[in-house]
Number of protein chains: 10
Amino acid sequence: MPSEPTKELITVPNPEPGRDYEVLVETDEMTCMCPVTGQPDFGTVRITYVPDELLVELKSLKMYLWSFRNEGAFHEAVTNQILDDLLRATMPRRMTVETIWKVRGGIATTVTASHP
Amino acid sequence: MPSEPTKELITVPNPEPGRDYEVLVETDEMTCMCPVTGQPDFGTVRITYVPDELLVELKSLKMYLWSFRNEGAFHEAVTNQILDDLLRATMPRRMTVETIWKVRGGIATTVTASHP
Amino acid sequence: MPSEPTKELITVPNPEPGRDYEVLVETDEMTCMCPVTGQPDFGTVRITYVPDELLVELKSLKMYLWSFRNEGAFHEAVTNQILDDLLRATMPRRMTVETIWKVRGGIATTVTASHP
Amino acid sequence: MPSEPTKELITVPNPEPGRDYEVLVETDEMTCMCPVTGQPDFGTVRITYVPDELLVELKSLKMYLWSFRNEGAFHEAVTNQILDDLLRATMPRRMTVETIWKVRGGIATTVTASHP
Amino acid sequence: MPSEPTKELITVPNPEPGRDYEVLVETDEMTCMCPVTGQPDFGTVRITYVPDELLVELKSLKMYLWSFRNEGAFHEAVTNQILDDLLRATMPRRMTVETIWKVRGGIATTVTASHP
Amino acid sequence: MPSEPTKELITVPNPEPGRDYEVLVETDEMTCMCPVTGQPDFGTVRITYVPDELLVELKSLKMYLWSFRNEGAFHEAVTNQILDDLLRATMPRRMTVETIWKVRGGIATTVTASHP
Amino acid sequence: MPSEPTKELITVPNPEPGRDYEVLVETDEMTCMCPVTGQPDFGTVRITYVPDELLVELKSLKMYLWSFRNEGAFHEAVTNQILDDLLRATMPRRMTVETIWKVRGGIATTVTASHP
Amino acid sequence: MPSEPTKELITVPNPEPGRDYEVLVETDEMTCMCPVTGQPDFGTVRITYVPDELLVELKSLKMYLWSFRNEGAFHEAVTNQILDDLLRATMPRRMTVETIWKVRGGIATTVTASHP
Amino acid sequence: MPSEPTKELITVPNPEPGRDYEVLVETDEMTCMCPVTGQPDFGTVRITYVPDELLVELKSLKMYLWSFRNEGAFHEAVTNQILDDLLRATMPRRMTVETIWKVRGGIATTVTASHP
Amino acid sequence: MPSEPTKELITVPNPEPGRDYEVLVETDEMTCMCPVTGQPDFGTVRITYVPDELLVELKSLKMYLWSFRNEGAFHEAVTNQILDDLLRATMPRRMTVETIWKVRGGIATTVTASHP
């Protein structure tokens, strides 16, 4: 059962493509490495989208986010990468990715990127 | 007095059809089965609508939501089904169904569908 | 000093009719009887309005809401009745009445009616 | 189905009299009349007890608390009366009744009575 | 109906002197003048007591607390004075007075005095 | 150092008149007298404005609000008076005054007035 | 992967039996049927224990709690049964089971049972 | 490792200049001196911006905010200065600076300035 | 009026030395320098004491805490120093000093020292 | 500057060994791998201790907790290991380690171990 983290995102068919509706998936279990200090960062990821033909499958999303665990990632870059990877995989009608990072040096950072 | 869960939704006449007003009914006692793992999911259902000629009767709504208790249901599909069933039963001027599901695998999901 | 509950609403002159401004009065001490079960319901009433020539006098509003204490009242009907009675008494430029009812059978209900 | 409020408290057998365990029942739907002003008071009732041979049946407890709805009752007296009535009906190993009343004249009151 | 603030505390008989029980009265509408700056202070007063033969009457307590409105009062002195005045008036089995004062110069103060 | 309360509002020059920006000043230490009951009312005052050439000086604002301490004032009238006095003193590009009053007779009141 | 609910509790060896330490496991996903009304109840279960030689395995605990899903169960009886079943399976040095049930008829119930 | 506070803001290239996205950086560790009383003020700074070619580097932002520690600064002036300095350094597509200052004399102040 | 920060603590006579009562003074405006990184730390200080003959005067306490602003101070050492300085100045019957420091490197620290 | 995670804990001398006082260090950035599923777990670690001659140095504590990042660890075992490692390194007068783990399969776990 233990799976390996992977950047591959799996999709499932949208059961109601005839209607514009919104899906929000959120986890407070995001972690990656700070490229400057080489130390772990922790945060929350919120993905909101209106699906077209495809939904993102949740277990693969979990594996995908896990794949950043031991990678260096700037907050702004990783947020845009998550958005790009999810756009490519699910081709939604619209999507927003928000990452909320815990305090470093007294400063908390939130990055929000949307398409279109 | 103990009733059986059923998908039948009962309606009562809107006492004020001459005015557009909004009704919100909300329960944090929604549960169904995950079709992937076969295990129970738990969540909250919020239904907001502007009635036309009919209101949904609350006890039948409770029975209706109870009918999902031992059925497998994907979050996105069940949300759209609840909206469709309520639209068919009450023919409201507008309606939104929001389902908020507890964390599975570290990820929480919210689905929001509206008509029109 | 003890007064009797009454449906009569008393008004006082608006001290600033030359300006559109908003008044919100709110109580979490609303109770009436459920017409279906014959048992007490409890809720909150929030009234927001832009007065024209008249303000609603607060003690009479309290007596007015008290008058529902032992009357049967559906959530949707009583909300529209409160709005209608307050419109008739104070003729405001605009008004919203929101009633928020405690859980019955696992379901909480909120009704919001506005004029115009 | 509509029942009448009554001061009669019904009991059911304790399924585990061989063990000291605690039951807490709580409602925020208590209301009675202020004997001084003749106007409604609102509050919360919390009953904590270690049952001996009997549990209080919840529907009869609801009817019992409802019976105060149109009676005048001082906060201190009604709290002690609820304790006395429940002691008489359920003969628990120990019991505490706490009533928490909403603000009147800017002052909130809480009364807590225990046996033994 | 408008009354004058006064230091006189009125009592009513304890309806249940045979039992030790606790009464908590609390207001967040305390204000007096700072004797150092001559400017208003604001705070909360919480009085907890086990009555013996007498309860403090709430309207007179409100008048009593109001009587400090335009008097200069150090936090520590006024807390002990309230305790002394209430002890003298109600002769309780035990009593605690807690005053919680809003921030002055970045510092918040709470004073708690008990008898015996 | 002890100053006297006064209705005079002092202003200071806006350091950045070339930019529209917003200032919010807020205090939960407002008190005045109820003209009906002659007893104290307590509340919060929030003033939001876009300054033009002048800012309101905070110490004078404190003195100004203090000046209502022993005056009778209806919630609606005092809110409009504060707005009028501040408009006259600071001539802002726009301003909103919101007053939030504590519960009286179970009812809380909020008044919001804006210019223009 | 989908498992069947079962009352069998699996244990794993305590990695530190030489030290008294406390484990708290908590879920807000408990549901069973009300034996009186035949309708679903929802609640939270908190289990606190000092293990001796055995820990309860979490997946089997989940299956165990799931096994109540379609069984009728009084709040007091089910709490004592969970305690008894866990005592039998894990023979802890001490254990407390607390169940917190959502509002029914305006009344919320919490049951707390401990051993020894 | 200990650095000196400085007004110099360092930038890094925006990894995704082709997309409009938003960055929020926030610290509750702002302090400067009140120019009127000569005593310390404390507050929170929230900076929201859509970057163009440059991001503000967080460590230099920390040093920049630190540089106000022993400088006198009016709330309105320092907010506009932070906005001006960040505009000059990062030339964002749009930016908002919000400063939220702790209570002085019972009054809390928030200043919000935006570009364009 | 602007004063200089100083380690001198001023006292005033206890108005009620005949009674053991508790005073809590608390500020969330503590700041000093980290001796390791040379950068500012921020925290909250809570001082609880039962006075004997002397109270600490609040303005001098504010000046005293301000005196740490530009000094290097380890969390554990500064907490014990504040306790020692206050013990020496006020000779209380008992005293506790608690300092609560904001997150550094993902870790928050609280230090609590008491006498006797 | 980037350091490597390590199980070595560094200590610094207690500046006040003559007094029993308490230190609490807490981080919500703990993560390790579940030995059963091979997937990441997330949690909070709270360490409370009365130091004797030694304090734990915070940066080495951070590195120590980081060293679990890619190790498999049962909740109960890792809590006892952290306690054992900290006891060996700092030889405190007493110490408690509490770990609070996020929901897995609907169940949250907290483990608390103390010495002596």
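Predicted model: local features only at pLDDT ≥ 70, side-chain atom pairs only at ≥ 80, totals over all residues.
**View 1. Where chain A meets chain B.** Here's the contact between the two chains, built from 16 residues of chain A and 14 residues of chain B. Sort the chain A residues that touch chain B by type and you get 8 nonpolar, 1 polar and 7 charged.

**View 2. A strand pairing that crosses from chain A to chain B.** Zoom in on S2(A) and you'll find it paired with strand S6 (residues 107-115) of chain B. The two strands run antiparallel, and 7 bridges link them. For a handy landmark, look for Glu26(A), which sits opposite Ala108(B) in S6(B).

**View 3. The buried part of helix H1 in chain D.** This helix covers residues 58-66. Its buried residues are Leu61(D), Lys62(D), Met63(D), Tyr64(D), Leu65(D) and Trp66(D). What do the buried residues of H1(D) pack against? Within chain D, they pack against strand S2 (21-33), strand S3 (40-50) and strand S4 (54-56). Two other chains join in: chain C with strand S3 (40-50), and chain G with strand S6 (107-115).

**View 4. Chain J laid on chain G.** Turn by 72°, shift by 0.0 Å along the axis, and chain J lands on chain G with an RMSD of 0.0 Å.

Terms used. Residues numbered from 1 in each chain as written. Chains lettered and ligands numbered in written order. Contact = placed C-beta atoms within 7 Å. Nonpolar A, V, L, I, M, F, W, Y, C, P; charged D, E, K, R; others polar. Pairing = 2+ DSSP bridges. Helix = DSSP H or I, 4+ residues; strand = E, 2+ residues; numbered from the N terminus. Least-squares fit on C-alpha atoms with pLDDT ≥ 70 in both. Buried ≥ 20, exposed ≤ 12 C-beta atoms within 10 Å, placed from the backbone.
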